[in-house]
Amino acid sequence: MDFWGDEQFSFFESILFSALGHPVQVIEMQFVSGGNINTSAQVFSSEGVFFIKWNQLEESTNEQPDMFASEARGLDLLRQTDALHIPQVIGYGRLLDKAYLILEYIDPGTPDKQYWETLGQSLAVLHSHTQPAFGLNFENYIGSLPQTNTPTSNGYDFFFEHRLLPQAGLALYKGLLSRPTYDALLRLREQLPNLLPNDRPALLHGDLWSGNVLVNEAGQPALVDPAVYYGFREADLAFTKLFAGFDDRFYDAYNETFPLENGFSERVAIYNLYPLLVHVNLFGSGYVSGVERILKQF
């Protein structure tokens with residue numbers, strides 16, 4: 001059980017004092033649903049409204065004490081591009097047995113008429129940011145699972161060695177993935193250069209499903225909960241198709257701004273092996289059939 005009442009208000013006031021450097025009175029709070037990993041709340045205070053999420057470190061071995069530090073770095077990296085609305089990081093840290101992250105609260109709004117076009121164009125601008133190597137200069141998480149970002153010059157090596165293989169290996173170890181399925185994934189490595197474009201590293205959100213795309217008060221898109229790295233840009237777009245929820249105008253606007261090579265729809269399944277394997281490890285065997293179905297095509 002998480003705490004509630006005066007103790008929780010005291011917790012919020014303590015961490016806001018640490019982040020802002022002066023006393024803050026918490027007036028009201030409301031839990032925010034939607035997260036599977038952490039507890040979140042909208043917190044009304046004398047200094048404005050904040051979005052705060054936290055986890056009880058002693059209650060789950062899956063929660064990592066540096067998770068929020070890496071998320072904060074990822075949010076800051078995305079914000080620096082000015083591509084679209086990313087919540088400002090107010091502070092993060094640990095108080096007793098709780099790790100926390102304090103963010104700007106994004107007031108929800110109604111999508112304007114150009115919402116999907118704006119999202120597509122803005123994501124293309126984000127993806128235009130590049131660096132020499134695939135990966136990142138710090139490690140982070142996707143959900144509660146570690147995501148290794150070892151800088152790698154070859155995009156195929158990065159995608160296989162630091163995305164597919166760790167998740168497949170974990171699923172095999174946990175008994176969720178069969179050995180034949182794991183071996184089929186190993187055979188995929190040699191085919192990747194013939195299956196995926198040799199694109200330059202692009203700055204990715206990394207966990208781009210509809211639940212991580214918000215509409216702000218101005219009716220514009222905003223992104224939250226990233227798992228950032230520099231990778232193949234089509235991986236972000238493929239992720240948007242895994243659980244649907246994105247209008248065709250989004251893809252059209254993206255492609256007009258930063259055209260994709262022909263045949264993207266045939267490549268979607270390959271990229272989505274990664275989030276599917278992540279879901280196998282986070283949520284269980286219900287996602288294994290999706291992995292098997294993709295691998296049978298290759």
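This is a predicted model: local features need pLDDT of at least 70, side-chain atom pairs count only at pLDDT 80 or more; totals for chains, interfaces and linings use all residues.
## Domain layout

## The interface between the domains

The two domains touch through 20 residues of domain 1 and 26 residues of domain 2. Together, domain 1 and domain 2 bury about 1,900 Å² between them. Carbon and sulfur atoms account for 71% of that buried area.

Polar links also cross the boundary. There are 5 residue pairs in polar contact between domain 1 and domain 2, counting pairs with both residues at pLDDT 80 or more. The number of salt bridges between the two domains is 1. A salt bridge joins K53 to D225, with 2.7 Å between the closest N and O atoms.

## The side contributed by domain 1

On the side of domain 1 that touches domain 2, helix α2, spanning residues 67–79, gives the most, with 8 residues. By residue type, this side of domain 1 is made up of 9 nonpolar, 7 polar and 4 charged residues.

E71 is part of helix α2. The relative accessible area of E71 is 9%, and this residue is therefore classed as buried, the cut-off being under 20%. Setting aside residues up to four places away in sequence, E71 touches K53, L101, D225 and P226. Among these contacts of E71 are K53 and D225, the residues that form a salt bridge with each other.

G74 is also located in helix α2. With a relative accessible area of 2%, G74 falls under the 20% cut-off and so counts as buried. When neighbours within four places in sequence are left aside, the contacts of G74 are F138, P226 and V228. The C-alpha atoms of G74 and P226 are 6.6 Å apart, although 152 residues separate the two along the chain.

## Summary

Domain 1 and domain 2 bury about 1,900 Å² between them, and a salt bridge is formed by K53 and D225. Helix α2 gives the most residues to the side of domain 1 that touches domain 2. Within helix α2, E71 is buried, and G74 is buried as well.

Definitions and conventions:
Residues are numbered from 1 along each chain as its sequence is written. Side-chain values use heavy atoms; hydrogens and water are left out. Contact means heavy atoms within 4.5 Å. Buried area is the accessible area (1.4 Å probe) that two parts lose on being put together, summed over both. A salt bridge is a side-chain nitrogen of Lys or Arg within 4 Å of a carboxyl oxygen of Asp or Glu. A polar contact is a pair of N or O atoms within 3.5 Å; within protein, one must be able to donate a hydrogen and the other to accept it, and residues adjacent in sequence count only if both atoms are side-chain atoms. Helices (H or I, at least four residues) and strands (E, at least two) are DSSP runs, numbered from the N terminus. Ala, Val, Leu, Ile, Met, Phe, Trp, Tyr, Cys and Pro count as nonpolar, Asp, Glu, Lys and Arg as charged, and the others, Gly among them, as polar. Buried means under 20% relative accessible area, exposed over 50%, partly exposed in between (1.4 Å probe, protein chains only).
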